[in-house]
Amino acid sequence: MSSIIVIYDGQCEFCINCISWVKRRLEVVAIPFQSVDLAKYSLTYQQCQKQVVVIEGDKYYFAHKGVIFLLQSSSYRWLAKFLTLLGPIAKFGYFQIANKRNSLIVKLLNKVLRRLI
């Protein structure tokens with residue numbers, strides 16, 4: 001069993017497709033935040049509805065840092081490095097996508113992602 005847990009929005013099509021992409025490249029336990037006892041992980045509903053949470057052991061990675069961690073753990077270290085170098089721009093981009101899930105750009109990203117799964 002994987003030691004990496006990903007808690008994500010199970011009602012977001014983009015999030016679901018991202019998790020499918022990750023699961024094809026990395027062994028993770030992916031759990032929609034809507035169907036888990038968040039207190040078990042010391043998390044709140046408010047935290048999880050706004051961002052992905054990646055847990056490995058006692059370390060928690062939120063939002064873009066969770067994405068970077070997953071990329072680093074897979075064979076996409078170069079992309080993780082790139083996002084790390086972007087710093088605040090990566091954070092801004094993450095929350096733009098998270099907060100505008102029904103926008104045209106996210107719908108286009110979702111189409112591209114579905115082709116990559």
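**The pocket lining and its surroundings**

Reply: The lining of the largest pocket divides into 28 nonpolar residues, four polar ones and two charged ones. Here Ala, Val, Leu, Ile, Met, Phe, Trp, Tyr, Cys and Pro count as nonpolar, Asp, Glu, Lys and Arg as charged, and the others, Gly among them, as polar.

The model is predicted, so local features need pLDDT of at least 70 and side-chain atom pairs pLDDT 80 or more, while totals for chains, interfaces and linings use all residues. Numbering starts from 1 along each chain as its sequence is written, and side-chain values use heavy atoms, without hydrogens or water.

The largest pocket has a volume of about 950 Å³. A pocket is an open set of points on a 1 Å grid over the protein atoms alone, where a 1.4 Å probe fits, with protein on both sides within 12 Å along at least five of seven lines; lining residues have an atom within 4 Å of a point. Points join across faces, edges and corners, and the volume is the space filled by probe spheres set on them.

Start with Cys18. Cys18 is partly exposed, at a relative accessible area of 26%. Buried means under 20%, exposed over 50%, and partly exposed in between (1.4 Å probe, protein chains only). Cys12, at 6%, is buried. A disulfide needs two cysteine sulfur atoms within 2.5 Å. The model has zero disulfides by that rule.

Next comes Tyr94. Tyr94 is buried because its relative accessibility is 17%. Now look at the rings. The structure holds six aromatic pairs. Rings of Phe, Tyr and Trp (its six-membered ring) pair if their centres lie within 6.5 Å; planes under 30 degrees apart are stacked, over 60 edge-to-face, the rest tilted. Tyr60 and Phe62 are stacked, at 6.3 Å centre to centre and 25 degrees between the planes. Tyr60 is partly exposed at 33%, and Phe62 is partly exposed at 27%. Tyr94 pairs with Phe95 edge-to-face: their centres are 5.1 Å apart, with 85 degrees between the planes. Phe95 is partly exposed at 24%. Elsewhere, ring pairs link Trp21, Tyr76 and Trp78 into a cluster.

Turn to H3. Its buried residues are His64, Gly66, Ile68, Phe69, Leu70 and Leu71. E1, H1, strand E3 (53-56), E4, H4 and H5 are among the elements that cover them. Ala63 sits in the loop between strand E4 (59-62) and H3. Phi of Ala63 is near 55 degrees, a positive value in a residue other than glycine. Ala63 is buried, at 3% relative accessibility.

Ser42 also has a positive phi, near 55 degrees, and is not glycine either. Its place is the loop between strand E2 (29-32) and H2. Is Ser42 buried or exposed? Ser42 is exposed, with a relative accessible area of 64%.

Technical notes:
Helices (H or I, at least four residues) and strands (E, at least two) are DSSP runs, numbered from the N terminus. Contact means heavy atoms within 4.5 Å.
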